[in-house]
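Dear colleague,

Here is the structure that I said I would pass on to you.

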Amino acid sequence: MPPFLAYDDSGPQNPQNSHTPLLLIHGHPFDRTMWHPQVTAFAPVRRVVAPDLRGYGASPVTPGSTPLSRFAADIEELLDALDVRTCVLAGLSMGGQIAMECYDRLGPARVRGLVLADTFPDPETPEGRRARNAMADRLLSEGMRGYADEVLDKMVSPDAHPDVKAHVHRMMAATHPEGAAAALRGRAERPDYRPLLARATVPALIVVGADDKYTPVPDAEAMHTLLPDAALHVIDKASHMPNLERPEEFNRALGEFLSRVDEQS
């Protein structure tokens, strides 16, 4: 049975390869093309899998509400279908929260490392829950373009290259409103991942843009303090998408972390 999700599967697929596979989980409201700089950098030496989440990109849309547990189950099914037995999970924003949910689901035997970029583990507040559901209603009634126009300057730094800004806007505007709304409703009900991270037994890398307004540096610092074995990397002149805004620096931090996981595997 083919996987439910659309995905790219790049790099060497020999199970004996000494480099741990890397699975990249995009944020909202993006798609797998946001990881192009990382796929390009790391696929020459290791297997890199980048799916479109349910409701995003080329993956099927399911209306209603998509909880993070459903996203994580999709990731597990994809890993099984591709016979990826162990991996490093890297997620940005909502993708980071899905990575936490995957770690809870799959455990350290299968998830050998976590990369949590521009994300946070706290549960939603009552105010935040109302705001996410209101935004879901708005996207269903108005579509994505107005939202994309409105938030672009918060997603990327004013210093970002025009091509990066255009790419981010294009991903947001192309997302199906039903898929985005379902994710917002599901994310509003997310659990508290702080106890999970406090007992994590795998190494973690926390990356955050210095100018991120959605998940500011203090959130990353709190998560760094929480995790037993974590490194924190703050990327200057970047906002919510440092992997696209400052790919060289992001890839350098990620590459060092992956080398460490490889040595431990």
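**Helix packing and a loop residue**

Helix α4 (residues 126–142) packs with helix α5 (residues 145–155) at an angle of about 130°, and their axes are 8 Å apart; axes here are lines fitted to C-alpha atoms, for helices over the stretch in contact, and angles run from 0 to 180 degrees between N-to-C directions. That makes α4 oblique to α5, given that angles under 35 degrees count as roughly parallel, over 145 as roughly antiparallel, 65 to 115 as roughly perpendicular and the rest as oblique. M135, R138 and L139 of α4 meet G146, Y147 and E150 of α5, where contact means heavy atoms within 4.5 Å.

Before going further, please note that this is a predicted model, in which local features need pLDDT of at least 70 and side-chain atom pairs count only at pLDDT 80 or more, while totals for chains, interfaces and linings use all residues. Residues are numbered from 1 along each chain as its sequence is written, and side-chain values use heavy atoms, with hydrogens and water left out. Helices (H or I, at least four residues) and strands (E, at least two) are DSSP runs, numbered from the N terminus.

The second pair is helix α2 (residues 68–81) and helix α3 (residues 94–106), which pack at an angle of about 65° with their axes 9 Å apart. That makes α2 roughly perpendicular to α3. The contact is made by L68, S69, F71, A72, A73, I75, E76 and L79 on the α2 side, and by M94, Q97, I98, E101, C102, R105 and L106 on the α3 side.

Within α2, the buried residues (under 20% relative accessible area, with exposed over 50% and partly exposed in between, for a 1.4 Å probe and protein chains only) are L68, F71, A72, A73, D74, I75, L78 and L79. These buried residues pack against β1 (7–10), β2 (22–25), β3 (48–51), β4 (87–92), α3 and α7 (177–187). After α2 comes D83, whose phi is positive, near 55°.

T86 lies in the loop between α2 and β4, and at 22% relative accessibility T86 counts as partly exposed. Leaving aside its neighbours within four places in sequence, T86 is in contact with T20, P21, A109, R110 and R112. By contrast, T86 and D159, which are 73 residues apart in sequence, are 37 Å apart in space, C-alpha to C-alpha.
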